[in-house]
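Subject: Structure handover

Hello,

Here is the structure for you to look through. Please open it first, then read the notes below it.

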Amino acid sequence: MKKLSEIASILRSKNAGPLFITFDIMFSDKSSFEKVMQSGAINKKVIAQEYEVNPKEVEIIPYDIVNSIKVTIPRKCISGSLNDMDIYGCQQQVPIANIIIP
Amino acid sequence: MKIVALNGLLGYGYSQEALERVKKMKIDYFGVDAGSSDPGPFYLGNGTSFTNRSAVKRDLELVLPHTILNKIPFIIGTAGGSGANVHVNWLLGIIKEIMNEQKITCNIAIIQTEVTKNYVIEKIRENKVIDLSPNLQLSEEVVKNCNRIVSQIGIDPFLEALDSPKIDIILAGRACDTAIYAAPAIKAGYDPGLAFHMAKIMECGALCSVPMSASDIMIAEIEQDSFVLEPANMNRKCNVERVAAHTMYEQNNPYFIYEPDGVVDLRESYYEQITDRSVRVKNSKFQEAKDKTLKIEGTKLEGYRTITIAGINDPLTIKNIDMMFSEVKKFVVENMINRILPDEFNISLKKYGEVLPGNISSDIPQCSLGIIIDVVAKTQDLANTICALARARMLHQDFEGRKTTAGNLAFPYSPSDIICGPVYTFGIYHLVKAENLGETAKISYMKVGE
């Protein structure tokens, strides 16, 4: 059992336009990527819970050419709205980083 | 056809040595992306640029004399950071200054992309608006409250501007960053799938190289069935992994690039290392959309902001912070009764350094907490008043067991309250269906210099 952040080589969040946050989870080798994918730990339900969004609005896309997983969610606070605390959305990765991979 | 991207954002700088190398090559087009919505809604709303004027001028004045004297068109998208008319004029002013100082003349095609409120209202009435997020809905009332609206153009207006001979510079308002580099390639008859994919990677400058940097020059060469990317700076290299990974960056989906005209399908894209510094890409496919769309962005004035920044070191005060702030809010509302309505201001508390649930089991946190009391109100004067009231009350707010009765807040500054000025938010960030993708663009031509 390890945290996702201990397995991934890059684990970053970024705004994709002002309405979405996108997470890039990259692995340095195919076996780590496949292990995480096969574990099923990165799923819509978990992401939706962590970020308090509707599971239907969560996109999870494996991008195997570079051993990566992309996750995209809508921003609850859109960029620059009064309660927003991260305009570029580049510090939103922690809940994903803490997901335990069995 | 060889195209150069000056860098990932005009004003971010680039290596002069790399530019000198590029100047010796035969280049067909230069381009640069000059803006982004990433820094938030303020800049579109306020009509100012998030880029620095001196840095923008530096980036242009080193390269423009070369491109103009050698008759290489230079294409600029999203002028002035946000691409409204005021931003285009700001950048035009910088170009005029350079032309006058260097005693050269040039022909500029200016593409304005601002739209009127009526344009958007018509689209709503014709049922031609598409929401991008459930968290931002559009109504006629929202449109009426917007102070500035731009449309993000695709390649069409660029293709029209490229038609006119002897154009030295195309200066466009809000534009897709891909359009800057895809337009000349598509104009020359190259495959649009390859042209858009090439443009999507190079619009970030040398960000897809190793070491990565948006502050450097990228060279792309497009051919019949492929394109090749190579950083201009000899200290950088492109490799297959970086180039392939770049299509993930700040995109919702790594397999598709959405354009006003259609979508680029990258599922079959093939990446090949051809020298130790360059990568060839093949098989990116363009599919034309049935419904063509333009993205529109509009901002509204939300009010004026005043903030107070403070630190709290006392563990018991930190434990009571949320209760204290709710008391402060109650106090402010009561104090201002019959003077302002509750919907004329917004007061919130932003906390930094808060111990997050699950991190530490201790009931009382053992670290300091940074707070911002954040007030946005309908006038600056009102924001100042509410912030002053809230700050004073927060400083002395009582709570059970309090021992620190001299004050709750450690202010780093005098004055403690900081006036931040107008606050804008995005009211519009939507797609509209458009039969003619040039319908929002106004193109004019002028000669500048001497």
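A buried residue would need 20 or more, and an exposed one 12 or fewer. Please keep in mind that this is a predicted model.

Where does B:Ser368 sit? You will find B:Ser368 in the loop between β18 and β19 (369-377) of chain B. Leaving out residues up to four places away in sequence, B:Ser368 touches B:Gly311, B:Ile312, B:Asn313 and B:Gly353. B:Tyr352 is 16 residues from B:Ser368 in sequence. In space the two are 8.9 Å apart, C-alpha to C-alpha.

Now take B:Leu64. B:Leu64 belongs to helix α4 (residues 64-69) of chain B. B:Leu64 has 20 C-beta neighbours inside 10 Å, and therefore counts as buried. Its contacts are B:Phe74 and B:Ile98, again not counting residues up to four places away in sequence. B:Cys106 lies 42 residues from B:Leu64 in sequence, yet their C-alpha atoms are 9.5 Å apart.

Next, a pair of helices in chain B. Two packed helices are described by the angle between their axes and the distance between the axes. Helix α9 (residues 177-187) of chain B packs against helix α10 (residues 192-202) of chain B. The angle is about 145°, and the axes are 8 Å apart. The crossing of α9(B) and α10(B) is right-handed. On the α9(B) side, the contact is made by B:Thr178, B:Ile180, B:Tyr181, B:Ala182, B:Ala185 and B:Ile186. On the α10(B) side, the residues include B:Pro192, B:Phe196, B:Met198 and B:Lys200. By class, the contact of α9(B) with α10(B) has eleven nonpolar residues, one polar and one charged.

Look for B:Asp265, which stands opposite B:Lys285 in β16(B).

Chain B holds another open sheet, built from ten strands. Their order is β14-β15-β10-β9-β1-β2-β3-β7-β4-β21 (chain B), and the pairing is mixed. The edge strands are β14 (270-275) and β21 (442-448) of chain B. Each of these pairs on one side only. Here neighbouring strands are turned by 25° against each other on average, direction ignored. Within this sheet, four bridges join strand β10 (residues 226-231) of chain B to strand β15 (residues 278-282) of chain B. These two strands run antiparallel. One pair to find is B:Leu229 and its bridge partner in β15(B), B:Val279.

On to chain A. How many helices and strands does chain A have? Chain A has four helices and six strands. Along the sequence, the pattern is β-α-β-β-α-α-β-β-α-β. The C-alpha trace of chain A spans about 40 × 20 × 20 Å along its principal axes. The radius of gyration of chain A is 13 Å, which agrees with the value near 13 Å for a compact globule of 102 residues. Of the 102 residues of chain A, 36% count as buried. Consider the contacts in chain A with a separation of 6 or more: residues 24 or more positions apart account for 60% of them.

Last, the two chains together. Their contact takes 28 residues from chain B and 30 residues from chain A. On the chain B side, α11 (240-246), β18 (345-352) and β20 (417-433) each supply at least two residues. By class, the residues of chain B that touch chain A divide into 13 nonpolar, ten polar and five charged.

Best wishes

Key
Residues are numbered from 1 along each chain as its sequence is written. Chains are lettered from A and ligands numbered from 1 in the order in which they are written. This is a predicted model: local features need pLDDT of at least 70, side-chain atom pairs count only at pLDDT 80 or more; totals for chains, interfaces and linings use all residues. Two residues are in contact if their C-beta atoms, placed from the backbone, lie within 7 Å. Ala, Val, Leu, Ile, Met, Phe, Trp, Tyr, Cys and Pro count as nonpolar, Asp, Glu, Lys and Arg as charged, and the others, Gly among them, as polar. Axes are lines fitted to C-alpha atoms, for helices over the stretch in contact, and angles run from 0 to 180 degrees between N-to-C directions. A crossing is left-handed if the near helix is turned anticlockwise from the far one by less than a right angle, and right-handed if clockwise. The radius of gyration is taken over C-alpha atoms; the globule rule is 2.2 Å times the number of residues to the power 0.38. Two strands pair if DSSP finds at least two bridges between them.
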